[in-house]
Number of protein chains: 2
Amino acid sequence: MILEPLVEKTLSSSQRALAELRKLIFSGDLPAGSDHLESELAARLEMSRTPVREAILTLEGQGLLELRPRKGVRILPLSPDDMSEIYDVLTELESLSADHAARAGYAPRDLQGLERAIDDMDAAVASSDLDAWAEADERFHSELVRLGGNSRVMGIVYMMSDQVRRARMTTLTLRPLPVQSNEDHRRVYRAIAEGDAKTARATHRAHRRAAKKIIIDILEKHRLRFV
Amino acid sequence: MILEPLVEKTLSSSQRALAELRKLIFSGDLPAGSDHLESELAARLEMSRTPVREAILTLEGQGLLELRPRKGVRILPLSPDDMSEIYDVLTELESLSADHAARAGYAPRDLQGLERAIDDMDAAVASSDLDAWAEADERFHSELVRLGGNSRVMGIVYMMSDQVRRARMTTLTLRPLPVQSNEDHRRVYRAIAEGDAKTARATHRAHRRAAKKIIIDILEKHRLRFV
DNA sequence: GCATCCATTAATGCATACATTATAGAATGC
DNA sequence: GCATTCTATAATGTATGCATTAATGGATGC
């Protein structure tokens, strides 16, 4: 019998399995394209197969891995085509969110989260802190979707952001400093604040399309497949 | 997401559980808002809790039900707000699909599925066969998404179509005969055939927005919550 | 009579044991 | 030597049993 750490939080095993597997995938400890047996993962997480299996099924539903009976679970690689698909979905759903956010008539204080994210991105660009920029960028997009007020959109975008994050790990250092990007963010922000749904939607759409092109070009140029 | 081959071999218990639970939900045997214990469902499907539990987790991920520890799983009701969210997502993703389908430059024979669905809807309207119309309408939309070529979009739309189908069971007999609707479909079809992405997108978007309004109005007018 | 606490109960979450089955490799026949 | 078949193995899929824990109801004290 193994003694538990005293500060152990009361997280259920399957929740832990889900979180830990996610971390292992994002950290690259479980590289894209690699295969792993349920029992192996269970041993690694020091729990039985049952909760691990539940987490695996969830992650399969989220498109992070694939069950291949008798061959183990395969961590799914992301090809440029995959990223293209994901960016297209994000483009549509975030643009919808921008539209709805503009129509919702939010007060300035409701938009503080957006504004702060934009400011943080400016600061990050100024100090060339790519990690801080990525974090603030992600915050901007998730805040935008939250303001859109559609819980289904939030769920889908949250799922796909996971995948984008995987790709970003690789591409972040290869892309030019995102200077233009924040100008776009500010324009989206202004349009929402002014209740101009049409501009908010169109501006965000253009922003996402440009971002997609940058990422896809990098992935293809460097023949990056596994991220 | 992937269509199963028609030659069904002995499918696994968890697959059966998934299919059967779906059927029970759609048939109304498990009404929206009702609670059910894992063990009760397992007994009903004549299998152990394990595969039932796996199916339940999958269905939870698809938003059909909710796990409430110690209270059983609750079949989720669909409020007008839920339907509004779902229609908004479908509007965006199907419009994207129409756009991409138009750009893809399909040959006429590739579009046969669309055309047949439209013809079938015409026939169904002529004979006032609402069920046939609903089936063909669903076929049109799923074919459209298939032509769009984005597998993520296909997956999301497939999931949400399940929910729309639940609502449609109730609203179908309450709505006016969908005559205008098929005129829209034909215009989308023509735009795709002619490679006019802009028109395809805009037309389909308008179509979906109109459909959403009809459904939501009915749901609210009749105070329908559980479907 | 009311509130609080404790005990009982029952449902889930997890572990484990078992059944099923695909696959690799050996063995046998040609 | 090659192919085919059979067998052993191992991984998944499923069943079952046990532990944990939330909820309910009763009992007790005020």
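**Notes on a predicted protein–DNA model**

1. Start at the DNA. In this predicted model, three helices each supply at least two residues of the surface near DNA strand D: α2 (38-45) of chain A, and α1 (13-27) and α3 of chain B. Which helix gives the most to the surface near DNA strand D? It is α3(B), with three residues.

2. Now look at single residues. There are 16 residues around DNA strand D. Those that come nearest are S12(B), S13(B), S14(B), S48(B) and T50(B).

3. Eight of the residues near DNA strand D are polar. Four are nonpolar, and four are charged.

4. Chain B also holds an open sheet of three strands. What is the order of the strands? Read across the sheet, it runs β1-β3-β2, with antiparallel pairing. The edge strands are β1 (35-36) and β2 (65-68) of chain B, and each pairs on one side only.

5. Follow one pairing in detail. β2(B) meets β3 (72-75) of chain B through four bridges, in the antiparallel sense. Within this part of the sheet, E66(B) stands opposite R74(B) in β3(B). Strands of a sheet pair through backbone hydrogen bonds.

6. Return to α3 of chain B, residues 49-61. This helix packs on the sheet and touches β2 and β3 of chain B. The direction of α3(B) makes about 120° with that of β2(B).

7. Next, the contact between the chains. Chain A gives 16 residues to it, and chain B gives 16 residues. On the side of chain A that touches chain B, the elements giving two or more residues are α3 (49-61), α4 (80-103) and α7 (151-171) of chain A. α4(A) gives the most, with seven residues. By class, this side of chain A has seven nonpolar, five charged and four polar residues.

8. How far can chain A be trusted? The mean pLDDT of chain A is 90, and 94% of its residues reach 70 or more. Confidence in chain A is highest in α4(A), at 97. α7(A) has the lowest, at a mean of 90.

9. One stretch needs care. Residues 1-8 of chain A have a pLDDT below 50. This stretch has zero contacts in the model beyond near neighbours in sequence. Where pLDDT is low, the predicted coordinates should not be read in detail.

Terms used. Residues numbered from 1 in each chain as written. Chains lettered and ligands numbered in written order. Predicted model: local features only at pLDDT ≥ 70, side-chain atom pairs only at ≥ 80, totals over all residues. Pairing = 2+ DSSP bridges. Contact = placed C-beta atoms within 7 Å. Axes fitted to C-alpha atoms, helices over the stretch in contact; angles between N-to-C directions. Near = placed C-beta within 6 Å. Nonpolar A, V, L, I, M, F, W, Y, C, P; charged D, E, K, R; others polar. pLDDT = per-residue confidence, 0-100.
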